[in-house]
Every structure is written in C-alpha cells, then in structure tokens.
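Subject: Handing over a structure, with notes on what was found

Dear colleague,

I am passing a structure on to you, and my notes follow directly below it. Please look through the model first and then read on.

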Amino acid sequence: MSKLFFILPIFFLFIACEKVVNSGNLPIYSKYPTQLNTEWEYNTIMMFEYYDSTGHLDSSSTWDLGNTICKITNINDSIGNFSKLILFEEYDVATPNNIHKSWYVNADSGLYSIAYSYPGSSQIVIPKQHLKSLEYFIQTVKSFGVAPAFYFGLPNSNQVSDSIQFYTYPKKVLVYPLKIGSRWIELIEPFFRERFIRKQEIINVNGKSYNCYKVEADWDFNITFNDYIDLSRGLIKREIIADSLEIISQNSPDPEGYLKLTSISELVRITKP
C-alpha cells in the first residue's frame, strides 16, 4: 500500500480534531501572525571561531550570507486533497527564482507544518560533527531557512510529486498558548525532536527591542537551535550553533583542528498589508 494512503487518514483525523479545538476562544493575537501578504526580510551572518592547540578560541572570521525574504502569499491554499492552508514562500534575495514553499495550519492548539516544497533542491542531510566541505556545510545551515518551521529533505517515499513533500505526521511548530514551561513533541520522523520554552526575554535586533519567547530544541544532534518568537511580529531571530567541529582535509582522515560555527538570522524588516 502506498504510504500516501497511510498519511491521508492521519491528516483527516488531525483536521477533524483541529475543528474541535478551533472554537474561537483563542484570540488571534495569541497566535503566530499569518495575515495575507505579510512579508519578512532577514539577514544571516555566519561566524567561524577556531580553537588553538590548548582548546581555547584564538581566532575568528565572519561571513555575511545575504538576505532572505519570507512572505505569506495565500491563506486559503489547496494542495492535493488538502485545503484552507497558509502558504509561506521563501527565497534568497540573490536567487529570487529559487523559491521554497511551506504550508501550515494555524489552529487554536498550535501552528502545524503540513508540507513543503523546494524545487530543484537535493535531499538535505543533517551534518555530522566534522567539516570536510565548508561550502556544503554552509549550504546545509542555510537550508534551515527562516520560515516558522525549518525543514530537511524527507525520504522519496513521502513525495507525492517532484516538488511537494508531506510530513508523515503534521509537524507541531508551536503549541498555543505560548508560555514559559511549555514543552511539546515537534517531530517524530525523520528524527525525534522536542521544543520547549523556559524563558521570555527582550532582545534588541537592528536597533529595535522585541519581547520574545525563546523556543529551544531538545534532540540527539549536538547542534543548538533557538528561535526567538514575538507573537505580534513572528520570528525575530534564529540561531544555530555547532561546537567542536572537526576540520578534515581531503588528504587525511585526521582532524587538522576544531571550530565553533554560529549562524544567526535576524529580522531586518516586516511589512504588513
């Protein structure tokens, strides 16, 4: 039996449950903003910090990876048998024709990612704790994107076309209401990950202050992944930190050194209709 026929009953059960919880008791300002034509622009900086032979950071370099646009282009979209989905489109300013799309349900119980597409992309592989190709690792980190749900490529069996892929189980990006102490299962496949909130903090980004929930990740990979969410503006900052990465040359399997890699995407502007 096709895996698609296994996915469909799960999705319909999910939609039925969401109709129950969408009672209208949760005000719109308590949800992630999903107004049509809202557009966010982010800048991403990647910093490389290198360890010396004594285990101390002794040098660093910084790369500007450019700006990324994320925009809500439809709030009643349909894909396959699914309808009433919110469509986010995302692209790098330098490559505007390479558009990543992701579809969501913004229910009273939480924000769910249902499917995504990334035309022309290869499958994304979670990086191991060594660095053979700097360019490959940079592209992998960039693949996290700046949409509410960052994404990885899923197995080909989950594809219903050349471009659209559905999560086997809806991905719970956020749980409502957002509050300190919340913890939820975000993903089961292709790997297990929980998200949690243990504090709310005011951060300054590009001269503006935002009151954010810090949404952290609990998973098996030695990568720190934090989102800073302001419910009136959405994602303000996304940081990814991979520490103690081995630098491996093409000629030897032995590490030449170690580094700490930090990627930070910050809000440049938000435009609302």
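A place to begin is Ser-163, which is found in the loop between α2 (134–142) and β7 (164–175); helices (H or I, at least four residues) and strands (E, at least two) are DSSP runs, numbered from the N terminus. Ser-163 is partly exposed, its relative accessible area being 26%, where buried means under 20% relative accessible area, exposed over 50%, and partly exposed in between (1.4 Å probe, protein chains only). Between Ser-163 and Lys-101 there are 62 residues of separation in sequence, while their C-alpha atoms are 9.6 Å apart in space.

Please keep in mind that this is a predicted model, in which local features need pLDDT of at least 70 and side-chain atom pairs count only at pLDDT 80 or more, whereas totals for chains, interfaces and linings use all residues. Residues are numbered from 1 along each chain as its sequence is written, and side-chain values use heavy atoms, with hydrogens and water left out.

As for the protein overall, it has 2 helices and 13 strands, and of its 273 residues 48% are buried. The exposed surface comes to about 13500 Å², of which carbon and sulfur atoms supply 52%; accessible areas come from the Shrake-Rupley method with a 1.4 Å probe, and for residues only the protein chains shown count as cover. If a contact is taken as heavy atoms within 4.5 Å, then 54% of the contacts between residues at least 6 apart in sequence join residues at least 24 apart.

How many salt bridges are there? The count is 12, a salt bridge being a side-chain nitrogen of Lys or Arg within 4 Å of a carboxyl oxygen of Asp or Glu. One of them pairs Lys-31 with Asp-108, with 2.9 Å between the closest N and O atoms. This pair links distant parts of the chain, 77 residues apart, since Lys-31 belongs to the loop between α1 (3–21) and β1 (39–51) and Asp-108 to the loop between β4 (100–106) and β5 (110–117). Lys-31 and Asp-108 are both buried.

Another salt bridge joins the side chains of Arg-195 and Glu-186, at 3.7 Å from N to O. Arg-195 is buried at a relative accessible area of 1%, and Glu-186 also counts as buried, because its relative accessibility is 3%. A further salt bridge connects Asp-227 and Arg-238, whose closest N and O atoms are 2.7 Å apart. Asp-227 and Arg-238 are both buried, and salt bridges with shared partners join Glu-186, Arg-193, Arg-195, Asp-227 and Arg-238 into one network.

Arg-193 also has an aromatic neighbour, in that its charged end sits over the ring of Trp-219, 5.0 Å from the ring centre. The charged end of Lys-237 likewise sits over a ring, that of Tyr-228, at 5.3 Å from its centre; the rule here is that NZ of Lys or CZ of Arg is within 6 Å of the ring centre and within 35 degrees of the ring normal.

Turning to the rings themselves, the structure holds 7 aromatic pairs, where rings of Phe, Tyr and Trp (its six-membered ring) pair if their centres lie within 6.5 Å, and planes under 30 degrees apart count as stacked, over 60 as edge-to-face and the rest as tilted. Among them, Phe-88 and Tyr-104 are edge-to-face, with 4.9 Å from centre to centre and 70° between the planes. Phe-88 lies in strand β3 (residues 82–92) and Tyr-104 in strand β4, so the pair ties together parts 16 residues apart in sequence. Phe-88 is buried at 1% relative accessibility, and Tyr-104 is buried at 0%. The pair of Tyr-116 and Tyr-167 is tilted, at 5.6 Å centre to centre and 45° between the planes. Together, Tyr-32, Trp-40, Phe-88 and Tyr-104 make up one aromatic cluster.

Finally, a word on confidence: pLDDT is the predictor's confidence in each residue, from 0 to 100, and the protein averages 79, with 75% of the residues scoring at least 70. Over residues 1–13 pLDDT stays under 50, as it does over residues 119–133. Where pLDDT is low, the predicted coordinates should not be read in detail.
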